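Work through the exercises below with the model open. Try each task before you read its solution.

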2 protein chains.
Amino acid sequence: MTVGLVASTLGTAFAAARETRIPDAAIARAAQLRETALASDLGYRVTESLTTEVGARLAGSEADARAVAWAQAKFRELGYDRVWIEPVSFPKWERRSESAQVLGANAQPLTLTALGGSPGGTVEGEVVRFADLAALEAAAPGSLAGKIAFVDYTMARARDGSGYGAGSRIRSRGPSAAIRAGAAGYLMRSAGTGSHRNPHTGITRFDDGLTPIPSAALSVPDAQQLTRLLALRPQRVRVALDCGWDGTATSHNVIGEIRGSKLPHEVVLIGGHLDSWDLGTGAIDDGAGVGLTMAAGALIGKMDKAPARSIRVVAFANEEQGLHGGNAYARQHAKDVTRHQIAAESDFGAGRIYAYSSSAPAHAKVADEQIAQALAPLGIAHTPGKGGPGPDISPFAAQGLAWARLAQDGTDYFDLHHTPDDTFDKIDPQALAQNVAAYAVFAYLAASAEGGFGSAAKPVAPPSE
Amino acid sequence: MTVGLVASTLGTAFAAARETRIPDAAIARAAQLRETALASDLGYRVTESLTTEVGARLAGSEADARAVAWAQAKFRELGYDRVWIEPVSFPKWERRSESAQVLGANAQPLTLTALGGSPGGTVEGEVVRFADLAALEAAAPGSLAGKIAFVDYTMARARDGSGYGAGSRIRSRGPSAAIRAGAAGYLMRSAGTGSHRNPHTGITRFDDGLTPIPSAALSVPDAQQLTRLLALRPQRVRVALDCGWDGTATSHNVIGEIRGSKLPHEVVLIGGHLDSWDLGTGAIDDGAGVGLTMAAGALIGKMDKAPARSIRVVAFANEEQGLHGGNAYARQHAKDVTRHQIAAESDFGAGRIYAYSSSAPAHAKVADEQIAQALAPLGIAHTPGKGGPGPDISPFAAQGLAWARLAQDGTDYFDLHHTPDDTFDKIDPQALAQNVAAYAVFAYLAASAEGGFGSAAKPVAPPSE
């Protein structure tokens, strides 16, 4: 009952009825927290620990299970008040080996990697190049019978990663388009901006009713090489992939919580995803997101005065193969959406944050602006109305969860993302500390706000726990 | 006899007796040649052709034989007056597969590549890290029994590549030092400056009387990862290499000549090496050197007036595994050293040339300065006394061959060299054109000089051919 009374003053309940504000004292403490975080290497060390001790952690692998154990132990080591896991089940995909060769007069190896979800198999055929997805989709049914389709689209570099939409569509939709035209195999230029001999993987899907074909991405230099070779003469290529789906695996969302002082049953959620692709060590995708949000929560936990609400840090399971952890969280907490003040996920590398925005409704604009002002000394602009929720919180956001976006500079993100080059050495410790500071300030202030940010509509009942 | 008379005026004969000079008319023509070459993409296109149509060409491989055929055809296509091959035999080494894993609590794959000359085999053992070669060489005999030695030396970046001396010694001497201490396997941080997940190969040797052990280089990020892991706890690693020596192979030096107008039996030699390591496509090492010197010769061949001496362009066989082509050339032409006016090899990538120097003796200082002045508009400084002959001409230089050095900016050379990333896309066409211009100007002027540059001491007899 005490909790219920406090909630009526400070919580999300009746939030729409009054303006959401953050007390001045909390803003002053957040400024201290910001400086503490900037001077700390905790986020960097946590990211180092995960990417070094576990390394790559493909969802459902032995290493993924080790990552779950690592996250629980790390949350405890960092002083989180409560640590628990929630199961997440999904189909398991494995990569075992992969190779390709140009055959004939210009015989030479090509460097590629299977797309996640590709079946295994060896295919050999003439390569037919398409400049983009639309060209492949326009190919007549049967026109690629016995051939290997090759989409050679060059993804654009952008600070906000906006080039990846068109790039990743080549991966998600290209294989099905190739099958419809009769192709025996599918190749694409990596959906990345790198110039190194490191191909870019990522999940693909095959439309219902189609028989999947071996599908892989060439490194950018190899795609350029194949294009030059095709300009000389027709080319036959052999692609050999040993990979595929193998039953169902269960992993876990790993959750740590710093208990709030007044409304512990309400939470500000931050996090990243614990799984990675198998080629690198999952440093920028998304060891950094896990490490920096774990550190942000831990630094809040070390403050003299806890915020009103709890800080919940979630290391989501299997984001890479279809937001399995985020979907599971949304399902498992469907009744709790109003207990979530607001959420922000870090899953765009380890570059500096340059912009803040949120889904704050009209009644929370003051608090939203207060958060933005506290972030401004970090070089972060307020860009209301921009962006959307991070991937793992998007299923829950669709149920009414309020979200914030701390936009990272992703100019070089797609040089590394999903490639063997996603390794710890690529992380700038100062940039990571700026991220920790931003997440800590954001989470602390949102958890201290009087009033809500619009998560769902109806008042939340006091929790039974 | 006529030839003999001309030689006494213009040639290397009696060169020591008078000052070597380049006629003004030749200098004027060289200035035109320089502008023609700067505006030409011929060197870039020849390099593209080799690296695309043949790709990687490990000495003795099927692709190496294709490269020999390619070079002969390309010389002819470029209008060279004479094209021939000279056999070069050497032991053949092959790479088939390679992998490594950290075992135990931090199980994860490591990216490495066998050193050229390594035997195959699978070794599993505890890793003992050494900060540099001296530390390994100080290890007591037997102290590494059953273990894997790991030298984690970080090579320095430098425009002139001077960091590679210390870096490559780790590769050439490290394995033998490890064997002396009893090690079962040898690992090193790649002798390169790159930060990508692409390990750096290169030849190693085992001292006589030692039983070779599997020896490989980790990519730089993997070496850093292993070092972090070793800071946590002892680590066992399994290294599996399938590679090794397999009999003897014969390849060829491929030679094209533009016939001189007055002293066709005397030559200015330029060139690069035709073979490459197998990981990339041998673009900067040394497709560029072959392509740019072939183009330089071809542009001289297209001039209205041929220079007095012949321009000989040599695409040397098997430089990588021990200067086999350069040694063969020196052996096969031992009697002809005085017929060689001067020689320069391009084997340091595709960066801009920033300095010129030569072994010109006192009597050739005027001509040397004339060449330097003709190169100056290309941004090339005269640095008398610096450097030495390129690798493939060094065995012949030891017999008295005069050499010139056109020093390339190698700041990023060791980011790419001997790695999978040595691919055509890394070459800047403008920088390559500057190289072509420099080699063309140098070769044309040296071939036009009245007097010699000091190759050997005694007068050359008129050739029998």
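This is a predicted model: local features need pLDDT of at least 70, side-chain atom pairs count only at pLDDT 80 or more; totals for chains, interfaces and linings use all residues.

Residues are numbered from 1 along each chain as its sequence is written, chains are lettered from A and ligands numbered from 1 in the order in which they are written, and side-chain values use heavy atoms, with hydrogens and water left out.

**Exercise 1. The chain interface**

Task: Describe the extent of the interface between chain A and chain B.

Solution: 
1. Take contact as heavy atoms within 4.5 Å. Chain A then contributes 30 residues, and chain B contributes 30 residues.
2. Take buried area as the accessible area (1.4 Å probe) that two parts lose on being put together, summed over both. Chains A and B bury about 2300 Å² between them, and carbon and sulfur atoms give 45% of this.
3. Thr52(A), Arg197(A) and Arg228(A) supply 25% of the area that chain A buries against chain B, more than any other three residues.

**Exercise 2. Polar links and helices**

Task: Count the polar links between chain A and chain B, then find the helices of chain A that take part.

Solution: 
1. Apply the salt-bridge rule: a side-chain nitrogen of Lys or Arg within 4 Å of a carboxyl oxygen of Asp or Glu. The count between the chains is 0.
2. Apply the polar-contact rule: a pair of N or O atoms within 3.5 Å; within protein, one must be able to donate a hydrogen and the other to accept it, and residues adjacent in sequence count only if both atoms are side-chain atoms. This gives 23 residue pairs between chain A and chain B, both residues at pLDDT 80 or more.
3. On chain A, α3 (42–53) and α7 (220–232) each supply at least two residues of the side that touches chain B. α7(A) gives the most, with 6 residues.

**Exercise 3. The domain interface**

Task: Characterise the interface of domain 1 and domain 2 of chain A.

Solution: 
1. Count the contact residues. Domain 1 of chain A gives 21 and domain 2 of chain A gives 26.
2. Compute the buried area. The two domains of chain A bury about 1700 Å², 57% of it on carbon and sulfur atoms.
3. Count the polar links. Between the domains there are 2 salt bridges and 11 residue pairs in polar contact, both residues at pLDDT 80 or more.

Notes. Helices (H or I, at least four residues) and strands (E, at least two) are DSSP runs, numbered from the N terminus.
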